[in-house]
Amino acid sequence: KEEIEEKEEKTEEPVEEVSKEEETKEEEVEEPKEEIEEKQEKPEEPETEAVPEEKKEDPAPEEPEKEPQVEEEEPVKEEEIKVEEPEPEPEPEPEPEPEPEPEPEPVPKEQWRELVSKDKESAFPAESGRYHLFASYACPWSHRALIVRALKGLEGVVSTTMLHPTWRQTRPDEDGDEHRGWVFGNPEGEAFPNTYGVGGPFPAAFPGNDPDPIYNSFSIRDLYEKAGDTTGKFTIPMLWDKEKNTIVNNESSDIMKMFNSEFDDYAGHKELNLFPSIPEVESADELVFAFNNVIHKAGFATAQDVYDKEMDEVTRIYDEFAATLEKQRFLSGNSISEADIRLFVTLFRFDEVYAFYFKTNARLVLLTPVLLDYCRDIYQMHGVSDTCDMEQIKTHFFSSHAELNTFSIVPRGLGFVNKLKEPHDRASME
């Protein structure tokens, strides 16, 4: 039986061989046809097109039983595979925007650094009644310029306009214009809320807030734009030339220096020099700048560790000022300088605003006798108290930024200004 099965198997093998031979013959017959078709198609194909995949599977006609040779796989190289892969369609190039019509170049704010001079031939010669200072009792930088103007006795030489303490939208009727800034008082206007539509209502003018005497503008921004500046931050203080109808300068340090020396021919106290060229003033200035800087950093900190770090620096510098002023009347010695004016402006706001608004309540001037007497000394000098309006200062800080104080509640405070009217003995330290 096994022999019979074996014979049967042997009998079947030739059939398989025949079938293989038949397949090979059929392939041999079909191969020339494919080659002809390929030759016909080749001229129409681009050079970069990949070799058809079905050819890879066909065995070579000469050796049907052998594996395909390496040479036959050459068409499937890495480079050709890359070509075979469909390339991503390139993104359509944006159509070029039409070139806008040329417009006059706006004047950037950095250009407003012209100087009034004693030189009568200069572009802006010092003259009584020619210049006007736009400022605010609430603005610390304005306050510095106002104090120098008062100490030098220039009240009748350089006129002023005090803007409203609450920032408002300067283009309320223009969609998309969200700029907030300084506006003029309107004694006949209606009370208004903050920019969120709540809080207050705040009077359209506090005492001393007057309309714009130049163009009857709504905001300080309008004056900048009248002078050709549409890109600036529209800051104050700003010194205006009424003769040329333009801005002279909007940098508080420059304005302080001009008031200190360039108007001496008209000043009531021309002998006073608030900018002596001595190193003590320069070093004191640097310390005041650092003090103001860390106060703001503490106030705007968004992490506890950052706040704590800045507050350590606030208290360190605060204590350094106290130690210095225990030994001498002013920061640079026995004479007041612009460094003292800068520090006074900061200390005047410290208890009533910064301790709440910037969370710098680790120290208070009311609890530091030497600094309280120092503030009394400066407050009681000629004209300085007239520049100090605590109501407008607090209103500005607590109503102008609705995102920080939604309902614009103004804290009552501890009556700091009344404490400054009390006597002191700082003059005995000279």
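N245 is partly exposed, with a relative accessible area of 37% (partly exposed means between the buried class, under 20%, and the exposed class, over 50%, with a 1.4 Å probe and protein chains only). The residue sits in the loop between β5 and β6 (246-249), and its phi is near 50°, a positive value in a residue other than glycine. N216 has a positive phi too, of about 55°, and is likewise not a glycine. That asparagine is in the loop between β4 and α6 and counts as exposed, at 57% relative accessibility. As a rule, most residues other than glycine have a negative phi, and most peptide bonds are trans.

P201 belongs to the loop between β4 and α6 (220-226). Another cis peptide bond links I236 and P237, with omega about 5°, and P237 is placed in the loop between α6 and β5 (238-241).

All this comes from a predicted model, in which local features need pLDDT of at least 70 and side-chain atom pairs count only at pLDDT 80 or more, while totals for chains, interfaces and linings use all residues. Residues are numbered from 1 along each chain as its sequence is written, and side-chain values use heavy atoms, with hydrogens and water left out. Mean pLDDT (the predictor's confidence in each residue, from 0 to 100) is 84 for the protein chain, and 74% of its residues reach 70 or more. Residues 9-83 are another matter: pLDDT stays under 50 there, and the model has 19 contacts beyond four places in sequence for this stretch (contact means heavy atoms within 4.5 Å).

The chain has 13 helices and six strands, taken as DSSP runs numbered from the N terminus (helices are H or I, at least four residues; strands are E, at least two). Of its 430 residues, 41% are buried. Among contacts between residues at least 6 apart in sequence, 73% join residues at least 24 apart.

In α11 (residues 369-379), 10 of the 11 residues are buried, so the helix is largely enclosed by the rest of the structure. Its buried residues include L371, Y374 and R376, and their cover includes α9 (304-327), α10 and α13 (416-420). Helix α12 is largely enclosed as well, because nine of its 10 residues are buried; among them are K394, H396 and F397. The buried residues of α12 pack against α5, α10 and α13.

A284, in helix α8 (residues 279-299), counts as buried at 8% relative accessibility. Beyond its neighbours within four places in sequence, A284 is in contact with L331 and A339. A284 and F321 are 37 residues apart in sequence and 9.2 Å apart in space, C-alpha to C-alpha.

Finally, the second largest pocket holds about 640 Å³ of space. Of its 28 lining residues, the closest to the centre are C139, W141, W167, T235 and I236. (On a 1 Å grid over the protein atoms alone, a pocket is an open set of points where a 1.4 Å probe fits, with protein on both sides within 12 Å along at least five of seven lines; lining residues have an atom within 4 Å of a point. Volume is the space filled by probe spheres set on the points, which are joined across faces, edges and corners.) At least two lining residues come from each of α5 (140-151), β4 (180-181), α10 (338-357) and α12 (390-399).
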